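Please consult it alongside the sequence and the structure shown here.

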Amino acid sequence: MRIWNIFYACSVPISEIITVEETDINGKHYTSGKWQKMEKPYAFTVHRVRRARQHRWRWAQVTFWCPEEQLCHLWLQTLRELLEKLTSRPKHLLVFINPFGGKGQGKRIYERKVAPLFTLASITTEIIVTERANHAKESLYELNIDKYDGIVCVGGDGMFSEVLHGLVGRTQRDAGVDQDQPRAALVPSPLRIGIIPAGSTDCVCYSTVGTNDAETSALHIVVGDSLPMDVSSVHHNSTLLRYSVSLLGYGFYGDIIKDSEQKRWMGLVRYDFSGLKTFLSHHCYEGTVSFLPAQHTVGSPRDRKPCRAGCFVCRQSKRQLEEERKRSLYGLESAEEVEEWKVVCGQFLAINATNMSCACPRSPQGLSPAAHLGDGSSDLILIRKCSRFNFLRFLVRHTNQGDQFDFTFVEVYRVKKFQFVSKPAEDKDGSARGRGKKRLGQLCSDRPPCCCAVSSSAWNCDGEVLSSPAIEVRVHCQLVRLFARGIEENSKQESHR
């Protein structure tokens, strides 16, 4: 159902109305729900979502005037009954605020831009201001989270990752799932996560909403939006290292995060400094990548079909993945046919795996523009050894509309799982490459043939350093849900603001 305002010539779906209030002619509001005698004319105010530029949402209000008290009362009663039926809206939230992340504005942003909207929507909150690393994660393991309708994190990507690890880990513990088992089927959490951006990049928020605007994210939480999202588990020797939702980067991006961690005293400028230093160093690393192609997906990394609100690719890919699992369960076919695995070896400047586009204000298209949030796959991007000039051309493509993968030294695959072993590690145990030659066959296109690398990089896992170069990664389809809708296609601009 929609409510129309003939004076502003716009309609608002009930799902995007925040609340309705009685209003007198002096602009006073009554939120008690009781009808009170007012001077004529009679009026009520609708608080609603208004779309602004660049995917931003704004709180707006429209006052409707009625000539009769009974008619005004009927409108209020009807609207309130319709709003009560929207059961997806949260009533009680647990909020974690990182006071140190980004520019240290998390607490201020929450109090000024978010808390008033939660109060308007009658959402009660319990707030925890984090005091140390992993404070939110530890709290989620200890608290009774059944009384909440969702978890909200105020901070950057690091804060979101901490809440993600706490919520996913708590869910697996309660379900008796061994997270250290790479083949374990992880249990989705019933609670949604809301992100109020207050960090330096806010990649996850930007890639799921289309902007890193606190008011927009708060309104998505208020109206109860829900967006499923894939999560990748990263293991080493049957031990869980971390979960990843955005970027796993070895080589270039691994070196940047490793170097920047040693320069925290520089503040946010350390990322630019480390990026320039890493680019000039131009290190390449030798290793072997084994991966299982995601044959269940209906899209491809180069089809120029980005993930959008109500994404068909995510819905259809999940259906086909479920059908694939059913066939495996009934013994009709193996879920991991040996011949499907591929192996690529060589010298790489960078190896990136993205579960989402990884877009941010500096890179509006992201590292993989057509990556999808909930299709059960990751885009595996291999950048082979090339000149500094060619690598710079590749990096510049991240800031414009060009095809980032249209280079001879770049390969991209959509995968369900992958493994990586650096050359030195292979020489020690010989396990991964040996299995690859026996079981999978080898696709090695290096000319001349592969030679030994002298050093290894680290993995950048959503901004955290993983020191072990040998990892095993598996994508878990739609493991968590966010208070988000996805980026809306060609969001309409309202003519009256």
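Phe391 and Phe394 are both buried. The two residues belong to helix H10 (residues 388–396), where a separation of three residues places them about one turn of the helix apart. The model discussed here is predicted.

**Aromatic pairs**

- Across the whole structure, a search finds 15 aromatic pairs.
- In one of these, the ring centres of Phe44 and Trp75 lie 6.1 Å apart with the planes at 25°; the pair is stacked because this angle is under 30 degrees.
- The pair of Phe44 and Trp75 connects distant parts of the chain, 31 residues apart: Phe44 is in strand S5 (residues 42–51), and Trp75 is in helix H1 (residues 69–84).
- Phe44 has a relative accessibility of 2% and therefore counts as buried.
- Trp75, with a relative accessible area of 34%, is partly exposed.
- Phe391 and Phe394 also form a stacked aromatic pair, with 6.1 Å from centre to centre and 20° between the planes.

**Contact of helices H2 and H6**

- The axes of helix H2 (residues 106–120) and helix H6 (residues 214–222) come within 9 Å of each other and cross at roughly 30°.
- Because angles under 35 degrees count as roughly parallel, H2 and H6 are roughly parallel to each other.
- The crossing in which H2 passes H6 is right-handed.
- On the H2 side, the residues in contact are Ile109, Lys113, Val114, Leu117 and Phe118; on the H6 side they are Ala214, Glu215, Ala218, Leu219, Ile221 and Val222.
- Sorted by class, this contact of H2 with H6 comprises nine nonpolar and two charged residues, with no polar residues.

**Overall make-up**

- The protein contains 12 helices and 20 strands.
- Of its 497 residues, 55% are buried.
- Among contacts between residues at least 6 apart in sequence, 77% join residues at least 24 apart.

Key. Residues numbered from 1 in each chain as written. Predicted model: local features only at pLDDT ≥ 70, side-chain atom pairs only at ≥ 80, totals over all residues. Heavy atoms only, no water. Axes fitted to C-alpha atoms, helices over the stretch in contact; angles between N-to-C directions. Helix = DSSP H or I, 4+ residues; strand = E, 2+ residues; numbered from the N terminus. Parallel < 35°, antiparallel > 145°, perpendicular 65-115°, else oblique. Left-handed = near helix turned anticlockwise from the far one by under 90°. Contact = heavy atoms within 4.5 Å. Nonpolar A, V, L, I, M, F, W, Y, C, P; charged D, E, K, R; others polar. Phe/Tyr/Trp six-rings, centres within 6.5 Å; stacked < 30°, edge-to-face > 60°. Buried < 20%, exposed > 50% of the residue type's maximum accessible area, 1.4 Å probe, protein only.
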